[in-house]
Amino acid sequence: MLFAALPLLLAASGVLAQPYPSKPVRVVIPWPPGGSNDVVGRIALQKVAESLGQQFVIDNRAGAAGSIGADVVAKAPADGYTLMVHSTTHVGNAAIYKKLPYDTLKDFVGVALLAAQPGALTVHPSLPVKSVKEFIALAKSRPGQINYSSSGNGSAPHLSMALFISMTGIKIMHIPYKGGVPQVTALVSGETQASLATISTVLTQIRSTRLRPLGVSSPKRSGALPGVPTIAESGVPGYEMNPWIAVFAPAGTPKDIVNRLNAEINKALQHPDVSQSLANQALDPWTGTPEEFDARLKVDYEKYARLIKLTGATIE
């Protein structure tokens, strides 16, 4: 009887517990397939799946700027088998939506950063400026006469330009569009004259000289545009908008699981195939500890709240 009961006792004590992950992991991406969140999540987590020998199954749950999929994850069991790949929009939603079905900070734990997706202050070639300083000077000489496009109210391009405007004292007119493609189309056609779009959305047009880059929004130069200075070094010291894409889990997910996933993701981001694939998308791999991500999360939560209040953007 003693020997018969031993396996049960060992299992109950955790001795025979299977190591994580012992079954497929669901990865909710609250955006449509093909976008930057989806591409980065698939590239990085495929490498993690190969390393851990378990499937990471992508589940696209698009809608309401990512809040529909985020709600699914917030309510999922905190066992490490449901993850979320989301962008900085996640913290922005807390300020732009009057009511969300979850708490952005309390209902999630940050697992790991994946990539930065910096923007570029870009102008139509007809605008007679070739630097950030010249753009500021021209805008001040023509208050309210320069139009800038964004991918929508409260979007990263909108908030990036809102910060730029607040730090430089210029007055230019905001023209929001429904997404990055129409935002850039308007700029290329000359319907608008400037934009602070994510680099990946304007890179092709920059390389074909249909658009002119003046400065990048990240704290250091982008690998995709190494010859373009940062906005901070171009006359706006302290300027930084560096939107990210990252992995989250439901709050309460065991710390050892979070740490293991973090280590595996960082390892994947350092793999040459992964880093090159991200570079092809004008995305910069961004490694770090869960604690470093948590600190960044809190800083950006406050920063985006201030910027959204500045723009007055809200969604019911």
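Helices (H or I, at least four residues) and strands (E, at least two) are taken as DSSP runs and numbered from the N terminus. The structure is a predicted model, in which local features need pLDDT of at least 70 and side-chain atom pairs count only at pLDDT 80 or more, while totals for chains, interfaces and linings use all residues. Residues are numbered from 1 along each chain as its sequence is written, and side-chain values use heavy atoms, with hydrogens and water left out.

Asn262 lies in helix H9 (residues 255–269). Asn262 is buried, with a relative accessible area of 6%; here buried means under 20% relative accessible area, exposed means over 50%, and partly exposed covers what lies in between (1.4 Å probe, protein chains only). Contact is taken as heavy atoms within 4.5 Å. Once neighbours within four places in sequence are set aside, the contacts of Asn262 are Val111, Ala112, Gly288, Thr289 and Pro290. The C-alpha atoms of Asn262 and Gly110 are separated by 9.3 Å, although these residues are 152 apart along the chain.

We turn next to the sheet. Five strands form an open sheet in the order E7-E6-E8-E5-E9, with mixed pairing; two strands pair if DSSP finds at least two bridges between them. Strands E7 (173–176) and E9 (212–216) are the edge strands, each pairing on one side only. From one strand to the next, the twist averages 30 degrees. Axes are lines fitted to C-alpha atoms, for helices over the stretch in contact, and angles run from 0 to 180 degrees between N-to-C directions. E7 pairs with strand E6 (residues 147–150) in the parallel sense, over four bridges, and Asn147 stands opposite Met173 in E7.

Helix H8 (residues 199–207) packs on this sheet, where it touches strand E5 (119–123), strand E8 (194–198) and E9, and its direction makes about 120 degrees with that of E8. The buried residues of H8 are Ile199, Val202, Leu203, Gln205 and Ile206. These buried residues pack against E5, helix H7 (180–189), E8 and E9. Thr209 follows H8 and lies in the loop between H8 and E9.

The interior holds separate nonpolar cores, each being a set of buried Ala, Val, Leu, Ile, Met, Phe, Trp, Tyr and Cys residues joined through side-chain atoms within 4.5 Å. In the largest core, which has 46 residues, those with the most contacts inside it are Leu121, Phe135, Phe164 and Ile172. Not counting residues up to four places away in sequence, Ile172 touches Phe135, Ala139, Ile146, Tyr148, Met161 and Ile165. A second, separate core of 29 residues includes Val25, Val48, Leu269 and Val274. In soluble globular proteins, nonpolar side chains tend to be buried together.

Rings of Phe, Tyr and Trp (its six-membered ring) pair if their centres lie within 6.5 Å, with planes under 30 degrees apart counted as stacked, over 60 as edge-to-face and the rest as tilted. By this rule there are eight aromatic pairs. Trp244 and Phe248 form a tilted pair, at 6.1 Å centre to centre and with 45 degrees between the planes; both residues are buried. Ring pairs also link Tyr102, Phe108, Trp244, Phe248 and Phe293 into a cluster. Elsewhere, Lys23 lies over the face of Tyr81, at 4.8 Å from the ring centre, where a charge sits over a ring if NZ of Lys or CZ of Arg is within 6 Å of the ring centre and within 35 degrees of the ring normal.

Several loop residues also deserve a look. Asn242 is found in the loop between E9 and strand E10 (244–250) and is buried, with a relative accessible area of 10%. Leaving aside neighbours within four places in sequence, Asn242 is in contact with Ala116, Pro118, Ser218, Pro219, Trp286 and Arg296.

Backbone geometry brings the remaining points. Most residues other than glycine have a negative phi, and most peptide bonds are trans. Tyr20 and Pro21 are joined by a cis peptide bond, with omega about -5 degrees, and Pro21 is found in the loop between helix H1 (2–13) and strand E1 (25–29). Ala64 is not a glycine, yet has a positive phi of about 55 degrees. Ala64 lies in the loop between strand E2 (56–60) and helix H3 (67–74) and counts as partly exposed, at 34% relative accessibility. Thr209 likewise has a positive phi, of about 65 degrees, although it is not a glycine, and counts as exposed at 62% relative accessibility.
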